[in-house]
Amino acid sequence: MKYIEEFRDAALARTLAQAIGQAVEPGRTYRLMEFCGGHTHAIYRYGLPGLLPKAIKMLHGPGCPVCVLPIARVDQAIELAGRPGVILCSYGDMLRVPGSDRRTLLQAKAEGADVRMLYSIDDAVTLARQLPQRAIIFFAIGFETTTPATALAILRAQKLGLSNFFVFCNHLLTPAALDALLADSPNPGSWIDGFIGPAHVSTVIGTAAYQQVARRYRKPIVIAGFEPLDLLQAILMLVRQLNSQRCAVENQYHRVVRPNGNRLAQDYMAQVFCLRASFAWRGLGTIAASALALRPAFASFDAERHFPLAERPSREHPGCACPAVLRGQLDPAACQLFAVACTPANPLGACMVSAEGACAAVYAYGRQPLREAL
Amino acid sequence: MKTSQPVAAGHPERIELVHGGGGRASAQLIERMFIRAFDNPMLQQKNDQARFDVPTRRLVMTTDAHVVSPLFFPGGDIGSLAVHGTLNDIAMAGAEPLYLAVSFILEEGILLRDLQRIVASMARASEAAGVPIVTGDTKVVERGKADGVFITTSAIGSVPNGVDLSADRAQPGDQILLSGTIGDHGVAILSARDSLGFTSPIRSDSAALHDLVKQMVRQVPTIRCMRDPTRGGLATALNEICQQSGVGMLIDEQAVAIAPAVQSACELLGLDPYYLANEGKLIAICPAAQADRLLAQMRAHPLGQGASRIGVVTTDPQAMVELQTALGGIRLLDWLNGDPLPRIC
């Protein structure tokens, strides 16, 4: 078992697609939202829309951490990178996200700032050990998938007694975003029939974390893996739930995800982080209790405390339809800026900045009507 | 080629600015390192230029700067890459390379033994390809003003009569052939960067393709165009041809070979093999009627054993490349946007 090829089997995919075709009720449309950008990317990368019956309408959700980070936070990261003695480290796709005035961390680097792309936050701790005279700031972003690694890195830095390692914390919480997506409307979630729940996030927080949202808004949620067969099976499970009017949290990704998630990872997160009162999400607005900050006990590692940053406004392009796209209320291609003024090379809105954003995925993989298969 | 000897004891172990100063130290470096390694009659004349007669055929000329980091990687180094890359640019015109020229920019402080290794590797690559390095230049810049060694190679070649390859000649109905697996060079380079902390059995595919090309154009002179999918990978090279020819393409994902270790590395790092560099692969487009013959010819050559037919040229005024996925769906295969950066989750 290699855990990859098996979940990309073409014959099984056709069987599942046929089963979905048989399961859908005539005349009914199933509007299913994949919350996570990784799923959006996978759906397009494997060409799944072409396999699904017309009755299945996939909506793309806000679960792309790069996309929902407000411009102001990017500006602050660029400001941090410009401070004397600072090395600003981050994961790859954060580096080319434009802040105000279209400036990116890559441009700051070209202008002389020391900006480094890392695969692991652990490398930033190692860098801090090697270069005690420099201030190493890690631009930490992501949902619960990347948060435990940040917690561990801070604990390691504490153990090593490092005084030159800092975290610029932008970690976000999935269930809070899901709740806000549905709550922020007079008719909660009327445009969504069910959800495909995140894969990696759920390995950490478990299926139990979604029970409240499923129950409150009466929406079925199926946690799914990132491979094409995972997605097709999850869609079938959602269709069956909707046909029998159920709204349970089900777990398609049971080879990895447990009901209570990864307790050890949760403990580390709880030890290091506390809830922010609120956080301004790009495209979704300010959501209460939806993001994490370092606990006061770890204040010495908190870049926001150590390097006071000016509050900045996040100005968005007035024509940008990202708020509606992120909620699944508008097709990316229906935005007036899509592929005209807003492209991956020159992204104006949140959903175009990362490869996992809904607009970027549609742009890269399907921006024209595609022919029938060979 | 004579095996290049270590520079005599007593010489500095590192390159110094004086090596680029044009005086005795420069002359000694050129004599003892470059001429000794690249040895040939034209170089031995020690003129500032090489003189030769040219065939009365169409000539092609190209130049390519090489700045790879790290300098040494599994399956090659900047030296062999600088020879292969430029020979391949000549070969993609269906031409036979005749002569190479090389220009080194050396950073003050690089180890002489590293330079020696690179030069020896270039000499081996040039000898194996049967294309001599007939003229060259060396400059040394202050520490910090370059990254170890930069190598620019230029070449000229001659095109056989009746061969006319150009990326604006693809026509709807043509077949698209690919000479082997994709992404090997890109992953080999990534694995050699110590910051990643992963090891991979994958070696760069860096190789000179002109002999493969010679057999191909001899067998099928009507090949429309060839391109080596280097930076930007297969996806970008296909898009370039579509743009230049004003056509579309439909590519069959299952026909595009990717080594399991390359696939695994890409899964792990969040990269797409369609956008990773190759240094020893080519795309060939030919009329459908000749595709079988061309494919057989490619497979008969050591550098084309893994060749396959990966798709067809289509009519598409928007000049887009579409990919039929292994699952049977269809999606776009877009240009590379910026550098391929790994995704977060």
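Domain bounds here come from an automatic or database domain assignment. The structure is a predicted model, in which local features need pLDDT of at least 70 and side-chain atom pairs count only at pLDDT 80 or more, while totals for chains, interfaces and linings use all residues. Residues are numbered from 1 along each chain as its sequence is written, and chains are lettered from A and ligands numbered from 1 in the order in which they are written.

**View 1. The two domains of chain B and the contact between them.** Chain B is divided into domain 1 (14–158) and domain 2 (174–332), and the centres of these two domains, taken over C-alpha atoms, are separated by 28 Å. To their contact, domain 1 of chain B gives 21 residues and domain 2 of chain B gives 24 residues, where two residues are in contact if their C-beta atoms, placed from the backbone, lie within 7 Å. On the side of domain 1 of chain B that touches domain 2 of chain B, the elements giving two or more residues are helix H3 (78–91), strand S4 (96–107) and helix H4 (112–129) of chain B; helices (H or I, at least four residues) and strands (E, at least two) are DSSP runs, numbered from the N terminus. The largest share of that side, 9 residues, comes from H3(B).

**View 2. Ile156(B) in its strand.** Ile156(B) belongs to strand S6 (residues 149–159) of chain B. Ile156(B) counts as partly exposed because it has 19 C-beta neighbours inside 10 Å; a residue is buried if 20 or more other C-beta atoms, placed from the backbone, lie within 10 Å of its own, exposed if 12 or fewer, and partly exposed in between. When its neighbours within four places in sequence are left aside, Ile156(B) is in contact with Leu59(B), Val60(B), Met61(B), Leu98(B) and Tyr99(B).

View 3. Helix H15 (residues 358–366) of chain A is mostly covered, with 9 of its 9 residues buried. Among these buried residues are Cys359(A), Val362(A), Tyr363(A) and Tyr365(A). The cover over the buried residues of H15(A) includes helix H2 (37–45), strand S2 (56–63), helix H13 (322–326) and helix H14 (350–353) of chain A, together with strand S13 (330–332) of chain B.

**View 4. The chain around that helix.** Chain A has 15 helices and 13 strands, and 53% of its 374 residues count as buried. Along its principal axes, the C-alpha trace of chain A spans about 65 × 45 × 45 Å.
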